[in-house]
Amino acid sequence: MVNEDRAWAAFEARDRAADGQFVVGVVTTGIYCRPSCPARHPKRENVRFFTDGAAAREAGLRACKRCLPDHVAPDEAAVTAVRAMLEEAGGPLPLELLGRKTGYSPTHLQRIFTRTLGLSPAAFGRALRLERAKTSLGEGSSVTEAIYEAGYSGPSRFYAEAGALGLRPADIRRGGKGMMIRYASAETRFGPLLIAATERGLCHVGFDSTPERLAHEYPQAELVEDGDAPLIKAALAAIEDPALAAALPVDVPGTAFQQRVWAELRKIPPGETRSYLDIARALGDPNATRAVGSANGRNPVAIIVPCHRVVRNDGALGGYAGGLDRKRALLEAEAASAQGSLPLAR
């Protein structure tokens with residue numbers, strides 16, 4: 001099954017990292033494309049998502065001749081090969097070695113890999129190594145055992161990388177064992193919202209979310225329903241007065257690049273929007289619009305990190321995990337409130 005809201009967000013951002021995960025069918029033209037197709041985007045109501053080209057062809061569609069969704073381009077093949085080598089190694093490998101294996105210069109290989117996945121080969125390898133350590137911790141290994149089994153040279157390197165992603169060994173162990181997460185479900189003018197917080201900050205704010213989803217993300221954490229928790233009450237207040245959101249702490253793991261994107265989103269004032277290109281430029285890399293779109297779609301704390309304020313470069317709404325109608329309502333309410341023509345609260 002394809003998550004249509006996330007697929008649409010990836011399609012709107014032309015996210016190369018989504019290529020191969022699904023294809024996009026356009027019923028008005030009878031073709032299907034890869035998510036990163038450079039062609040002009042159709043209207044949302046004319047789009048269907050399929051798991052692969054075979055499913056799209058079975059529905060009567062034909063492959064796009066521009067993006068060639070069934071064709072594996074040389075750059076794509078090189079990125080896939082590098083990813084496989086890194087996953088097999090379970091950690092970083094020398095860029096020169098990866099270049100020799102794929103026939104690419106190290107500089108070009110780093111460029112296409114980063115453009116596709118939003119991470120350099122080295123950063124991707126470090127993330128894999130950290131994941132190995134997390135797995136070992138989850139299986140009951142001591143922190144010291146997990147560090148060396150994952151291939152770290154010593155504890156200092158592990159703590160540096162884990163800290164850069166907002167993770168702590170005590171929280172990683174066994175899916176959050178030792179953590180207490182307070183949560184509450186609330187009805188807002190924009191729909192049902194689940195809010196959850198650790199002692200450090202908000203860790204989950206999602207429309208149409210459920211406690212079961214939270215339990216899946218933190219299977220060993222102690223989940224406590226507590227609508228009176230200060231952070232949860234503050235988050236609810238921020239729904240009605242979004243100017244309050246910028247001061248609220250968050251406790252969400254993510255890659256270094258994702259953290260930079262999310263921090264930039266929190267700088268967007270209520271009632272204003274920014275494009276993917278605006279965010280990429282603010283980060284100092286105008287070519288990172290697809291990676292920005294990918295990070296935007298993976299934001300786990302809606303409203304608090306206002307990913308709904310990011311729109312397409314042509315001003316169109318683009319995608320939103322909570323649905324375009326909700327995104328439109330949020331933006332309209334914030335704009336009206338900022339202009340003083342209508343209070344955001346009921």
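These legends describe close-up views of a predicted model.

**Figure 1. Overview of the predicted protein.** The chain has 346 residues, and 48% of them count as buried. It contains 15 helices and 10 strands. Among contacts with a separation of 6 or more, 60% join residues 24 or more positions apart. The salt bridges number 13.

**Figure 2. Helix 3 packs against helix 5.** Helix 3 spans residues 74-89 and helix 5 spans residues 106-117. Helix 3 contributes Asp75, Ala78, Val79, Val82, Arg83 and Leu86 to the contact. Helix 5 meets them with His108, Leu109, Ile112, Phe113, Arg115, Thr116 and Leu117.

**Figure 3. Arginine 266 is buried without a salt bridge.** This residue sits in the loop between helix 12 (256-265) and strand 9 (274-275). The nearest side chain of opposite charge belongs to aspartate 251, 11 Å away. Arginine 266 does have a polar atom of its side chain 2.7 Å from the backbone oxygen of alanine 245.

**Figure 4. Aspartate 251 pairs with arginine 200.** The side chains meet in a salt bridge, at 3.9 Å from N to O. The partners come from distant parts of the chain, 51 residues apart. Aspartate 251 lies in the loop between helix 11 (230-240) and helix 12. Arginine 200 lies in the loop between strand 6 (191-197) and strand 7 (202-207). Aspartate 251 is buried, with a relative accessible area of 9%. Arginine 200 is partly exposed, at 40% relative accessibility.

**Figure 5. Arginine 57 bridges to aspartate 70.** The closest N and O atoms of this salt bridge are 3.1 Å apart. The pair links distant parts of the chain, 13 residues apart. Arginine 57 belongs to helix 2 (residues 53-58). Aspartate 70 is in the loop between strand 4 (62-63) and helix 3. Arginine 57 is partly exposed, with a relative accessible area of 45%. Aspartate 70 is partly exposed too, with a relative accessible area of 45%.

**Figure 6. Glutamate 264 forms a salt bridge with lysine 267.** The closest N and O atoms are 3.3 Å apart. Glutamate 264 counts as buried, at 15% relative accessibility. Lysine 267 is exposed, with a relative accessible area of 57%.

**Figure 7. Asp19, Arg34 and Glu76 form a salt-bridge network.** Salt bridges link these three residues.

**Figure 8. Arginine 44 and its surroundings.** Arginine 44 lies in the loop between strand 2 (31-33) and strand 3 (47-50). This residue is partly exposed, with a relative accessible area of 23%. Its side chain makes a polar contact of 3.1 Å with the side chain of glutamate 4. Setting aside neighbours within four places in sequence, arginine 44 is in contact with Glu4, Trp8, Phe49 and Leu324. Glutamate 12 is 32 residues away from arginine 44 along the chain, and their C-alpha atoms are separated by 9.9 Å.

Conventions. Residues are numbered from 1 along each chain as its sequence is written. This is a predicted model: local features need pLDDT of at least 70, side-chain atom pairs count only at pLDDT 80 or more; totals for chains, interfaces and linings use all residues. Side-chain values use heavy atoms; hydrogens and water are left out. Helices (H or I, at least four residues) and strands (E, at least two) are DSSP runs, numbered from the N terminus. Buried means under 20% relative accessible area, exposed over 50%, partly exposed in between (1.4 Å probe, protein chains only). Lys and Arg count as positive and Asp and Glu as negative; His and the chain ends are not counted. A salt bridge is a side-chain nitrogen of Lys or Arg within 4 Å of a carboxyl oxygen of Asp or Glu. A polar contact is a pair of N or O atoms within 3.5 Å; within protein, one must be able to donate a hydrogen and the other to accept it, and residues adjacent in sequence count only if both atoms are side-chain atoms. Axes are lines fitted to C-alpha atoms, for helices over the stretch in contact, and angles run from 0 to 180 degrees between N-to-C directions. Contact means heavy atoms within 4.5 Å.
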